[in-house]
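Here are some notes to read alongside the model, written as numbered points. Please keep the structure open while going through them.

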Amino acid sequence: MDKFLQAAINEAKQGKKSGGIPIGSVLVLDGKIVGRGHNQRVQKGSSVLHAEMDCLENSGRLKASDYQRATLYSTLSPCDMCSGAILLYGVPKVVIGENRTFQGPEAYLKSRGVELVIEDNNECYQLMESFIEQNPKLWDEDIGE
């Protein structure tokens, strides 16, 4: 398995272990992880700290040219908010662990020139499937339903 996707999975597991939603993300620049994060809406009482947003926050201030050659890894298909951040910063490539439990606006990202790689990773799928089954109300809250 891709070591960067594995790092995102490790973030998702950390989020689950700390009582949150098991979604993780890493930002990779020039073959190195420059930021990592996991969904922390529950842990920090946040309305915006999805995994990708936490990852971008933890990456610190980067130059536009850095984002434009970076790859974002996420264990789950990015939602509208996170997709907006991907477009805002011009991240050209997103590797998605799985999109069966939830699919964000992937067609829109593609139409805007973002390359998407869908791994359909079983570990990512199982993490989300079991979480959604055990926490349906929390999951609905996270995706705005």
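1. In this predicted model, Glu-98 is a buried residue that takes part in no salt bridge, and the nearest side chain of opposite charge, that of Arg-100, is 4.9 Å away. What Glu-98 does have is a polar contact of 2.4 Å between its side chain and that of Thr-101.

2. Glu-98 belongs to strand E4, which covers residues 93–98. Leaving aside residues up to four places away in sequence, Glu-98 touches Thr-75, Leu-76, Ser-77, Asp-120, Asn-121, Cys-124, Tyr-125 and Met-128.

3. Arg-100 has a salt-bridge partner in Asp-120, with 2.8 Å from N to O. Because Asp-120 sits in the loop between strand E5 (115–118) and helix H7 (122–134), while Arg-100 sits in the loop between E4 and helix H6 (106–111), this pair ties together parts of the chain that are 20 residues apart in sequence. Both residues are partly exposed, Asp-120 with a relative accessible area of 40% and Arg-100 at 46%.

4. How many salt bridges does the structure hold? The total is five, and one of them joins Arg-69 to Asp-30, whose closest N and O atoms are 2.7 Å apart. This pair links distant parts of the chain, since Arg-69 is in the loop between H4 and E3 and Asp-30 is in the loop between E1 and E2, 39 residues apart. Arg-69 is partly exposed at 41% relative accessible area, whereas Asp-30 counts as exposed at 55%. A network of salt bridges links Asp-30, Asp-66 and Arg-69.

5. Another salt bridge is formed by the side chains of Arg-41 and Glu-141, at 3.5 Å from N to O. Here too distant parts of the chain are linked, with Arg-41 in helix H2 (residues 41–44) and Glu-141 in helix H8, 100 residues apart. Arg-41 counts as buried at 12% relative accessibility, while Glu-141 is partly exposed at 46%.

6. Strand E1 (residues 24–29) deserves a careful look, for six of its six residues are buried. Gly-24, Val-26 and Val-28 lie on one side and Ser-25, Leu-27 and Leu-29 on the other, so that both faces are covered. E1 runs antiparallel to strand E2 (residues 32–38), to which six bridges join it, and it also pairs in the antiparallel sense with strand E3 (residues 71–76) over four bridges. Val-26 has a bridge partner in each of these neighbours, namely Arg-36 in E2 and Tyr-73 in E3. Two residues lie between E1 and E2 in their hairpin, and Asp-30 in the turn has a positive phi of about 55 degrees.

7. Helix H3 (residues 51–59) has buried residues that include Cys-55 and Leu-56, and the buried residues of H3 pack against E1, E2, helix H4 (64–67), E3 and helix H5 (80–89). After H3 comes Gly-60, with a positive phi near 75 degrees.

8. Cys-82 is in no disulfide either, the nearest cysteine sulfur being that of Cys-79 at 3.8 Å. Cys-55 is buried at 0% relative accessibility, and Cys-82 is buried at 1%.

Conventions
Residues are numbered from 1 along each chain as its sequence is written. This is a predicted model: local features need pLDDT of at least 70, side-chain atom pairs count only at pLDDT 80 or more; totals for chains, interfaces and linings use all residues. Side-chain values use heavy atoms; hydrogens and water are left out. Buried means under 20% relative accessible area, exposed over 50%, partly exposed in between (1.4 Å probe, protein chains only). Lys and Arg count as positive and Asp and Glu as negative; His and the chain ends are not counted. A salt bridge is a side-chain nitrogen of Lys or Arg within 4 Å of a carboxyl oxygen of Asp or Glu. A polar contact is a pair of N or O atoms within 3.5 Å; within protein, one must be able to donate a hydrogen and the other to accept it, and residues adjacent in sequence count only if both atoms are side-chain atoms. Contact means heavy atoms within 4.5 Å. A disulfide is a pair of cysteine sulfur atoms within 2.5 Å. Two strands pair if DSSP finds at least two bridges between them.
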